[in-house]
Amino acid sequence: MYDWLIVGAGFAGSVLAERIASQRDQSVLIIDRRPHIAGNAYDRHDDAGVLMHQYGPHIFHTNSDAIVEHLSQFTAWRPYEHRVLARVDGKLVPIPINRTTVNALYDLDLKTDEEAEAFLGSRAEPVEEIRTSEDVVVSKVGRELYEKFFRGYTTKQWGLDPSELDKSVTSRVPTRTNDDDRYFTDTHQIMPKHGYTRMFEKMLAHPNIKVMLNADYREVRDMIPHRRLIFTGPVDEFFDFRYGRLPYRSLRFEHVTLEQERYQDVGTVNYPMSEAYTRISEYKHITGQKHHATTITYEYPSATGDPYYPIPRAENQALYKRYQALANQTENVHFVGRLATYRYYNMDQVVGQALAEFRRIQETVPLWTSPVNGKSRHADGEMILPGAARLLN
């Protein structure tokens, strides 16, 4: 009988597994349907020896000292400020749009924030009520820059015109009047010194934690006795899609290793115009690795595949609310993480949500003594492993 079964070995599940094991001294089995831990943050050395991110670039940034302090138990850090260029009109210019971007595209020499603000203001179009992603951008920078930077990229990414998407999509990308070319401006912009996977390995190394990979929850849930469940997978899947599927956008990744030191000048280059892919990322900028070769990744948005991005439309939120009501009525199950709560979270936000959920567990879930601590055994003494499931540690 395990005290806790946790579904999903990404940030939400792993943070909670470690807290429960170390602070409550209770047994945890954490399972994942993939053959690895770390969720979408999983990184590995490819055949050439380049440290790369299997599911596209994951850049850690946060304003929370507490989250950095917590994760620092499991990793050292290296500073990294992410920079992104966009190929527009045959030029590579900074994104988010800043004064340098405007000067390069329009052959101007704006020198101050006030001059840049006046230029953008002269092109902005008044919008009576900002409801959509198109409204957000057009009201700030006008239709021409919207068409160049946002419409094509957003349409590729979401499979919908920005006029059909909630304002939250493009509100995430600021417009600047200075020459700050960093993609993020958070207080902490850092990367795990030895990679995300190593950080997760240390997080899950507690003796009270067992890890089972290649294990689908629906196949193993009746085989593993447990007292409480933490579910970080898709909430609609947990309820067997009772009200229909929650819509997601997915991604397809094409990883390419090149026998050269560098491919591009920055970690990521966006392609908002005609290309089928949305961006190309080069990991050596991000990881700081020294290597004679380099690995890049092309990202192609897709309507099918693993769920990455909840599609932000009012009807989808209404559907999620029906599943949320079911989740709230389900006893002894905690729904945590982006898939379980149908929200797009940055990594630090998922960590913050998991830590907040642990505080609620501490306040509301009494401690108990497990008579058979962490043992889920068949009569012959062997762990039940369906299919290709693999139990670690």
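1. Confidence first. The protein chain of this predicted model has an average pLDDT of 93, and 94% of the residues reach at least 70; pLDDT is the predictor's confidence in each residue, from 0 to 100. Residues 372-382 stay under 50, and for them the model has 18 contacts beyond four places in sequence, a contact meaning heavy atoms within 4.5 Å. Where pLDDT is low, the predicted coordinates should not be read in detail.

2. Ground rules, briefly. Because this is a predicted model, local features need pLDDT of at least 70 and side-chain atom pairs count only at pLDDT 80 or more, while totals for chains, interfaces and linings use all residues. Residues are numbered from 1 along each chain as its sequence is written, and side-chain values use heavy atoms, with hydrogens and water left out.

3. Strand β7 (residues 84-88) pairs with strand β8 (residues 91-95) in the antiparallel sense over five bridges. Helices (H or I, at least four residues) and strands (E, at least two) are DSSP runs, numbered from the N terminus, and two strands pair if DSSP finds at least two bridges between them. Val84 stands opposite Ile95 of β8. Two residues lie between the strands of this hairpin, and Asp89 in the turn has a positive phi of about 55°.

4. A cis peptide to look at. Ile95 is joined to Pro96 by a cis peptide bond, with omega about 5°. Pro96 sits in the loop between β8 and α3. As background, most residues other than glycine have a negative phi, and most peptide bonds are trans.

5. Helix α3 against helix α5. The axes of α3 (residues 99-106) and α5 (residues 133-158) come within 13 Å and cross at roughly 100°. Axes are lines fitted to C-alpha atoms, for helices over the stretch in contact, and angles run from 0 to 180 degrees between N-to-C directions. The two helices α3 and α5 are therefore roughly perpendicular to each other; under the convention used, angles under 35 degrees count as roughly parallel, over 145 as roughly antiparallel, 65 to 115 as roughly perpendicular and the rest as oblique. Thr101, Leu105 and Tyr106 of α3 make the contact with Glu144, Leu145, Lys148 and Phe149 of α5. Four of the residues in the contact of α3 with α5 are nonpolar, one is polar and two are charged (Ala, Val, Leu, Ile, Met, Phe, Trp, Tyr, Cys and Pro count as nonpolar, Asp, Glu, Lys and Arg as charged, and the others, Gly among them, as polar).

6. Three strands form an open sheet in the order β5-β9-β6, with antiparallel pairing. β5 (61-62) and β6 (77-79) are at the edges, each with a single partner strand, so one side of each has no neighbour in the sheet. β5 and strand β9 (residues 188-192) run antiparallel and are joined by two bridges; His61 has Gln189 of β9 as its bridge partner.

7. Strand β2 (residues 28-31) pairs with β10 in the parallel sense over four bridges, and Leu29 has Lys210 of β10 as its bridge partner. Four of the five residues of β10 are buried (buried means under 20% relative accessible area, exposed over 50%, partly exposed in between, with a 1.4 Å probe and protein chains only). In the loop between α7 (196-203) and β10 (209-213) you will find Leu204, which is buried at a relative accessible area of 3%. Leaving aside neighbours within four places in sequence, Leu204 has contacts that include Ser14, Ile30, Val211 and Asn393.

8. Two positive phi values. Asn332, in the loop between α11 (314-329) and β17 (333-335), has a positive phi near 65° and counts as partly exposed at 37% relative accessibility. Tyr342 is not a glycine either, and its phi is positive at about 50°. Tyr342 belongs to the loop between α12 (338-341) and α13 (347-364) and is buried, with a relative accessible area of 1%.

9. Asn316, a partner of Tyr342. Asn316 is in helix α11 and is buried, with a relative accessible area of 8%. Leaving aside neighbours within four places in sequence, Asn316 is in contact with Leu246, Pro247, Ile311 and Tyr342.
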